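Let's take a walk through this structure together. Have the sequence and the 3D view open as you read.

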Amino acid sequence: MQLAYLCSVAYVCFFIALIFVLDRIKMKERTLKVLFFLFALSLANIAFSKDPPRAWDLTFHLAYMDQIRNSPLSLFEFLFHNTSWVGGYPFFFTFNLLRYILCHLSRNNHWLPWTCVLIDYCIVGYIMRDWSKDHEKNGKVNWLSFLICFGLLPFVHANSGMRNALAFSLIGLGIYLYLYKRKSILFFGVLSFMALTIHPSVLICIPFVFLARFNLRKKGLILVFAASISIEWAARYLASHATGLFQMVGHLYLRYSGAGQFQLDPMVLLGTLGIVGLFFAQCCIADFSHCTNAERNIYAFLAYYMCFILSNVGNNDLVVRPAYLLGVLAPLLASLARKKSFWGKIRNQSAQPLAYAACAALCGFMVLQYAALYISS
């Protein structure tokens with residue numbers, strides 16, 4: 001595995017260098033798919049090789065894997081009648097199914113982070129390639145998309161926590177397919193169910209998806225801001241009166257927004273708020289008259305979602321974790337910053353290079369912060 005790790009690190013370095021010159025290289029789409037898959041596979045191999053520190057959630061997940069493997073519960077009992085809470089997450093069907101399968105395929109628990117990271121970045125790669133086909137020169141992925149992605153969906157969290165990153169990746173794919181690709185709501189429903197039964201925090205995305213289908217413009221932002229203020233009351237109601245998964249959602253929101261929430265490095269919180277604030281401002285002044293209905297819908301979703309994140313300023317977990325979804329949809333934000341067609345008036349267009357540079361600098365800063373955290377862990 002040491003050789004696989006070294007080869008994976010070397011390939012990641014090669015791929016990052018390639019991204020900066022990709023728009024000048026003629027390349028078939030099939031070749032591009034292979035390159036992106038190898039990138040996701042290399043990140044998965046690096047995650048597989050990581051020996052997690054005690055503070056990481058991954059340490060507990062690996063211990064739970066042993067507990068599941070040594071349990072006498074059948075698959076049906078584990079998924080639907082786990083009264084003894086073997087594995088720690090009795091309500092999360094998709095996550096439990098994944099863990100049960102991996103437990104009984106191998107005794108090496110590190111296949112769990114390997115699988116989660118591979119899925120995350122395969123989804124990221126698909127959205128980057130698909131969006132770029134219609135919105136970038138020669139259909140090539142722009143380097144700013146990678147900075148935004150790894151600045152908001154950091155590899156260290158995809159490896160250490162897994163559940164949040166995987167859930168937001170799946171629902172991000174569902175949102176992209178439903179709002180932009182115009183796929184059936186059935187696709188969105190299936191992917192939302194899978195995401196919700198990995199981590200229920202993705203529930204916050206769903207109202208904004210359907211709100212984006214209405215042409216509410218600024219009224220929608222006011223509605224989102226008002227709803228964000230009252231969400232704590234709704235969480236208290238769910239925690240007190242609901243049952244099962246919805247009661248857990250209420251408890252989780254109160255935990256993540258309360259005094260007991262995980263305290264991150266203030267620079268990480270401020271950096272995330274800075275990136276989200278910049279892109280939200282761009283959404284508010286952008287000219288979408290040249291866009292298709294599908295493009296307008298998904299940008300409306302992004303505006304509402306970023307408004308929700310910014311309304312939770314001061315709450316670490318309700319800013320940094322929801323921003324994972326923006327990392328999944330990074331190429332859409334990159335187009336917003338790069339394309340002068342989104343900037344409408346000449347006066348706005350003169351500010352575009354400054355905004356572009358600010359986005360790149362902030363995202364680059366966040367990538368370096370997270371890389372330092374991963375290396376030092």
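Before anything else, a word on burial: a residue is buried under 20% relative accessible area, exposed over 50%, and partly exposed in between, using a 1.4 Å probe and protein chains only. By that scale cysteine 13, at 48% relative accessibility, counts as partly exposed.

## Ground rules

This is a predicted model, so to speak of a local feature takes a pLDDT of at least 70, and side-chain atom pairs count only at pLDDT 80 or more, while totals for chains, interfaces and linings use all residues. Residues are numbered from 1 along each chain as its sequence is written, and side-chain values use heavy atoms, with hydrogens and water left out.

## Cysteines without partners

How many disulfides are there? The count comes to zero, where a disulfide means a pair of cysteine sulfur atoms within 2.5 Å. Take cysteine 13: its sulfur is 12 Å from the closest cysteine sulfur, in cysteine 7, and that is too far for a bond. Cysteine 149 is in no disulfide either, as the nearest cysteine sulfur, in cysteine 363, is 10 Å away. Cysteine 149 is buried, at 0% relative accessibility.

Helices here are DSSP runs of H or I with at least four residues, strands are E runs of at least two, and both are numbered from the N terminus.

H15 is mostly covered, with 15 of its 18 residues buried. In H14, the buried residues include Val268, Leu269, Ile275, Phe279, Phe280 and Cys283.

Side chains of opposite charge can pair when their charged atoms come close. The whole structure holds five salt bridges, each one a side-chain nitrogen of Lys or Arg within 4 Å of a carboxyl oxygen of Asp or Glu. One of them joins aspartate 66 and arginine 69, at 3.0 Å from N to O. These two are three residues apart in helix H3 (residues 57-69), so about one helical turn separates them. Aspartate 66 is partly exposed at 34% relative accessibility, whereas arginine 69 is buried, at 11%.

Lysine 133 is partly exposed at 45%, but aspartate 130 is buried at 5%. Lysine 181 also forms a salt bridge with aspartate 130, with the closest N and O atoms 3.2 Å apart. This pair links distant parts of the chain, since lysine 181 is in the loop between H9 and helix H10 (185-196) while aspartate 130 is in H6, 51 residues apart. Through shared partners, salt bridges join Glu29, Asp130, Lys133 and Lys181 into one network.

Arginine 99 sits in helix H5 (residues 93-105). Its contacts (heavy atoms within 4.5 Å), leaving aside neighbours within four places in sequence, include Tyr64, Met65, Phe78 and Tyr89.

Arginine 163 is in helix H9 (residues 163-180) and is buried, with a relative accessible area of 10%. Setting aside residues up to four places away in sequence, arginine 163 touches His61, Tyr89, Phe92, Phe95, Ile198, His199 and Pro200. Arginine 163 and proline 113 are 50 residues apart in sequence, but 9.5 Å apart in space, C-alpha to C-alpha.

## The nonpolar core

A nonpolar core is a set of buried Ala, Val, Leu, Ile, Met, Phe, Trp, Tyr and Cys residues joined through side-chain atoms within 4.5 Å. The largest one has 133 residues, and Tyr121, Ile171, Phe301 and Tyr305 touch the most other members. Beyond its neighbours within four places in sequence, tyrosine 121 is in contact with residues including Ala40, Leu43, Cys149, Phe150 and Ala158.
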